[in-house]
Amino acid sequence: MDQPQVPLRRTPLYDEHVALGGRLVPFAGWEMPVQYKGVTEEHRAVRTAVGIFDVCHMGELVLSGDYAADVVNYLITNDAKRLMDGQALYTVACNDAGTILDDLIVYRVSQTKWLIVCNASNRDKMAAHFRAAAVNHCDFDDASDRTALIALQGPKALALLAQAGGDGPALAELPAFHFRDATLANVPCTVARTGYTGEDGVEIFCPTDGAAQLWRALVQLGGPLGLEPAGLGARDTLRLEARLSLYGNEIDETTNPLEAGLSWVVKLGKGDFVGRTALERFKAAGLTRKLVGFEMTGRGIARHGYPLLDKVGIKVGVCTSGSPGPTVGKNIGLGYLPTSLAEVGTSFEVDCRGRSVSAVVVKTPFYKRSS
């Protein structure tokens, strides 16, 4: 018997996407805009002006109480104890085998209150993971359904916020990976100088019932600055150029953070945490494969799942993400290769639907904004 179809969820900005002509597609159980005017146009708007993204589908988990900091630090690989109030950090959470449950941003509201933002596809898994660890130690609250999240990204993002009234002008002073409460367009918010595009910008948390008001105000104010609403397509090409991992592509429960190039978020010396023993074992044994960036030197585009081949045509790895890079003007990709083939300048082949196309390992990120 066929299983009944679970209806797709809609964010509080669904009607805004329809009004703007967004093309809606299923994503992680949600009906989300993949593009509006077009991926390349939206990508370029973020690189040169400003783009606005609906990321309300992300999960927001709150831990509070005297031992909340200890619970958070035990579940992540990075060291949350070094954060001050109003600071955030990027990290992963591993299982006991040392592979990645999810990548997260952890926000220290205070010593006794912490916000964890997880991927939409992993919300249920991560909520269960944090809820179980919190038992008898601290309070846990899945605030996802009460919380909207809007990303404003690009070199003109802060100039746009300055026009949004309230605390907008002061947000230009917010350092990277810091956050503060603010009022924008008469909506109470928490604004974090974080993002997933390789550009400057912010991510804005607000109550779900204020999301549409805030979105409409930012879209209207941003028009003269060149703002474009941007969908999942541009979000993917932007993060790929910046070499930012996507859960389900570069990282998942079959990958560990060391081989994924995320050793910088693994603090083995901070004390015990979930996955530490396995990660110490991986480090001691040495890596057998690495996540690399590559450019296509032949005519073809690498896509997720395409085999990577050595010079005699034997499969030695897999492409995790690939697309044209609108800013860099090249067909680029990420993928896992044996460490012997992972050095910059090493040539290999990509099996593009039965056709071998030449590629070369290159230094990443493919794109880095000028400071």
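Trainee: Is N186 buried or exposed?

Mentor: Exposed, because its relative accessible area is 70%. Keep in mind that this is a predicted model.

Trainee: Where does N186 lie?

Mentor: In the loop between strand 10 and strand 11. Its backbone deserves a look too. N186 has a positive phi of about 65 degrees, and it is not a glycine.

Trainee: Why flag that?

Mentor: Most residues other than glycine have a negative phi.

Trainee: Which other residue has a positive phi although it is not a glycine?

Mentor: F177 does, with phi at about 55 degrees. It is found in the loop between helix 5 (157-161) and strand 10 (179-184).

Trainee: What does R193 contact, leaving aside its neighbours within four places in sequence?

Mentor: F177 is one of its contacts. Others on the list include L158, L171, L174, P175, A176 and H178. R193 also meets D200, G201 and V202.

Trainee: Where is R193 found?

Mentor: In the loop between strand 11 (187-192) and strand 12 (201-207).

Trainee: So, buried or exposed, that arginine?

Mentor: R193 is buried, because its relative accessible area is 16% and the cut-off is under 20%.

Trainee: Which backbone oxygen lies 3.1 Å from a polar atom of the R193 side chain?

Mentor: That of A172. A172 is also among the residues in contact with R193.

Trainee: New topic. Which peptide bond is cis?

Mentor: The one joining T364 and P365, with omega about 5 degrees. P365 sits in the segment after strand 19 (355-362).

Trainee: What about D139, where does it lie?

Mentor: In strand 8, which covers residues 139-142. D139 is exposed, with a relative accessible area of 54%.

Trainee: What does D139 touch, not counting residues up to four places away in sequence?

Mentor: V62, L63 and S64. Take V62: it is 77 residues from D139 in sequence, yet their C-alpha atoms are 8.1 Å apart.

Trainee: Helix 2 next. Which of its residues are buried?

Mentor: E42, H43, A45, V46 and R47, within a helix running over residues 39-48.

Trainee: Zooming out, how many helices and strands?

Mentor: The protein chain has 8 helices and 19 strands.

Trainee: What radius of gyration does the chain have?

Mentor: 21 Å. A compact globule of 371 residues would have a value near 21 Å, so the chain agrees with that. The C-alpha trace spans about 60 × 55 × 50 Å along its principal axes.

Trainee: And what share of residues is buried?

Mentor: 56% of the 371. The accessible surface comes to about 16,200 Å², and carbon and sulfur atoms hold 51% of that.

Trainee: Last one. How many positive and negative side chains?

Mentor: 38 positive and 41 negative. The centres of the two sets lie 6 Å apart.

Note on methods. Residues numbered from 1 in each chain as written. Predicted model: local features only at pLDDT ≥ 70, side-chain atom pairs only at ≥ 80, totals over all residues. Heavy atoms only, no water. Helix = DSSP H or I, 4+ residues; strand = E, 2+ residues; numbered from the N terminus. Rg over C-alpha atoms; globule rule 2.2 N^0.38 Å. Buried < 20%, exposed > 50% of the residue type's maximum accessible area, 1.4 Å probe, protein only. Areas by Shrake-Rupley, 256 points an atom, 1.4 Å probe, with all protein chains shown as cover. Lys, Arg positive; Asp, Glu negative; His and termini not counted. Charge placed at Lys NZ, Arg CZ, Asp CG, Glu CD. Polar contact = N/O pair within 3.5 Å; in protein donor to acceptor, adjacent residues only side chain to side chain. Contact = heavy atoms within 4.5 Å.
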